[in-house]
Amino acid sequence: MEKQMIVGEVPVSPFSRLFSMPGLDCFNIVTIGFKNEANPSAFIEGLKNTLLNHPRFSSILETGVGGKKAKWIPKKIKVEDHVVVPDIDPTIENPDQFLEDYTSNMVFSPIDKCKPLWEIHILNMKTSYAESLLVARFHHSLGDGMSLMSLLLACSRKTSDPEALPTLVAPKLSKVTNVWWSLAARLWLIIRLMFNTVVEVFKFLLILCCVCDNANPLMEKPSATRIPNKFIHRVISLDDVKVVKNAMNMTVNDVILGMVQAGLSRYLSKKYDTETNPKLKKSLENICLRSVVFFNLRSNKKIEDLAKMMEKRSTSRWGNSIGYAMIPLWMRSENDIFEYIRRAKTTMDRKKLSLEPLFSYVLLKLTVEVFGAKALRTLAMRIFGRSTIILSNVAGPTEEISLFDHQISYVAASISGFPQALIVHITSYVNKAIINLGVDLDVIPDPHHLCDHMVEALQMMKSAAEEKCSTDLNV
């Protein structure tokens, strides 16, 4: 009875309410590759000792119909009901294509809402990047990408030390050398924060009211499904990203966003080159493309706290604690490949030094509390309808980890259910970066071609960075 009261009284965040509404069922899709053959029994036993002890994953969501408050209701479950082990032909010709089709079909398969909304599929087959795979589907009301990454780490152990929990990279703190200089810097930071917040919130409201993206090949067609129905991923070298990062003195996120902008620009340029209408050929120079980018609003939480929560079945803050911002994307045919990164840094520095993500979260929270769930859904659909792309990225561990004695090769993630024809999600694992694209095939029939452009853009950036470093050394 005590556990029921604790779980039932956990407030449901605005995003959890939103993602559980009819017609907007959003799922986190996670693919984990392993370096060895998967043992389903080990996963079932491991889940019983970890995930099953998490209150959210052993509860169903009561959405609060009829004016009642939404809450989580605990339910007794069997792990075996949530684990699927399909029979796969070991002589399959194209396992990578099979994985893509399997993931896409799984996303659209019905899920029993009388049970906690998660399931795990174990695929014992070899692909280009792994010896076996785990494909999981978690309803987005259970938690956001950062929550799920933290949960994965809490269930895992270091490969080098099987008893030790993995760690995430902590943000570096600058050392204070002069008190007066520090106070002046803080004051200037506050002034910039206030100014950027006013400007970015004004632009956000303007977009929400009367501004939308230009017509472009990435927007939904009348016959489109309005949600991604094909999911692909590509593993690239994180070291290549860091080469560009160090040469440009920027962040990994700046380089990733620059790579996405360059790849999309090259893809659209090829699309417009096939047009016979001269006006359409020049459209890339005038295109206005926006992306919804999610920001993590929670403070850094220790993996140890989450592991203890599952071990002792205690409670801890969990769920969707995310805001979002509207990011204008630089869509141009640039001769200088670094221009995409410079534009990305300028945009992201301004967004990060503003309260726009927090404002968006508060706006959704006030909307559902004052006007109800229907108004929340209308507002969300309007926000997503004013943009063309969803961009998201989650940083993973920097060291090799194992999940229930299975050494992980890579972790890919995406989301489904949003009314966008393109979702770009980037994850990192040790020295790898994983590009995951969710596309509507009616709009983007060639997702691998689009991914090729992004990878080629990164290689161009790396070559230019190495040339720049070589030139600097010679000088």
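Let's start with a bridge pair. Leu 403 has His 406 as its bridge partner in E13. Leu 403 belongs to the E12–E13 pairing: strand E12, residues 401-403, runs antiparallel to E13, with two bridges joining them. Strands pair here if DSSP finds at least two bridges between them. Strands (E, at least two residues) and helices (H or I, at least four) are DSSP runs, numbered from the N terminus.

A word on the model. This is a predicted model, with residues numbered from 1 along each chain as its sequence is written. Local features need pLDDT of at least 70, side-chain atom pairs count only at pLDDT 80 or more, totals for chains, interfaces and linings use all residues, and side-chain values use heavy atoms, with hydrogens and water left out.

pLDDT is the predictor's confidence in each residue, from 0 to 100. The protein's mean is 82, and 82% of its residues reach 70 or more. Residues 1-9 stay under 50. Where pLDDT is low, the predicted coordinates should not be read in detail.

Back to the sheet. What is the strand order of the open sheet of seven strands? The order is E4-E5-E6-E1-E13-E12-E7, with mixed pairing. Strand E4 (83-84) and strand E7 (156-158) are at the edges with a single partner strand each, so one side of each has no neighbour in the sheet. Helix H3, residues 40-49, packs on this sheet. H3 touches E1, E4, E5, E6, E12 and E13, contact meaning heavy atoms within 4.5 Å. The direction of H3 makes about 155° with that of E5. Axes are lines fitted to C-alpha atoms, for helices over the stretch in contact; angles run from 0 to 180 degrees between N-to-C directions. H4 lies across E1, E4, E5, E6 and E13, at about 20° to E6.

Next, the open sheet of six strands. Its order is E8-E15-E14-E11-E9-E10, again with mixed pairing. E8 and strand E10 (322-329) are the edge strands, each pairing on one side only. From one strand to the next, the twist averages 20°. Strand E11 (389-394) and strand E14 (422-429) run parallel, joined by six bridges. Ile 389 has Leu 422 as its partner in E14. Helix H13, residues 356-370, packs on the sheet, touching strand E9 and E10. Helix H7, residues 238-248, lies across E8, E14 and strand E15, at about 65° to E8.

The structure holds three cavities of 30 Å³ or more. A cavity is a set of points on a 1 Å grid, over the protein atoms alone, where a 1.4 Å probe fits but cannot get out; lining residues have an atom within 4 Å of a point. The second largest cavity holds about 80 Å³, a volume being the space filled by probe spheres set on the points, which are joined across faces, edges and corners. E1, H4, E8 and E13 each supply at least two residues of its lining. Among the lining residues are Phe 231, His 233 and Glu 100.

Note on methods. 1 Å grid on protein atoms, 1.4 Å probe; cavity = no way out; pocket = protein on both sides within 12 Å on 5 of 7 lines; lining within 4 Å.
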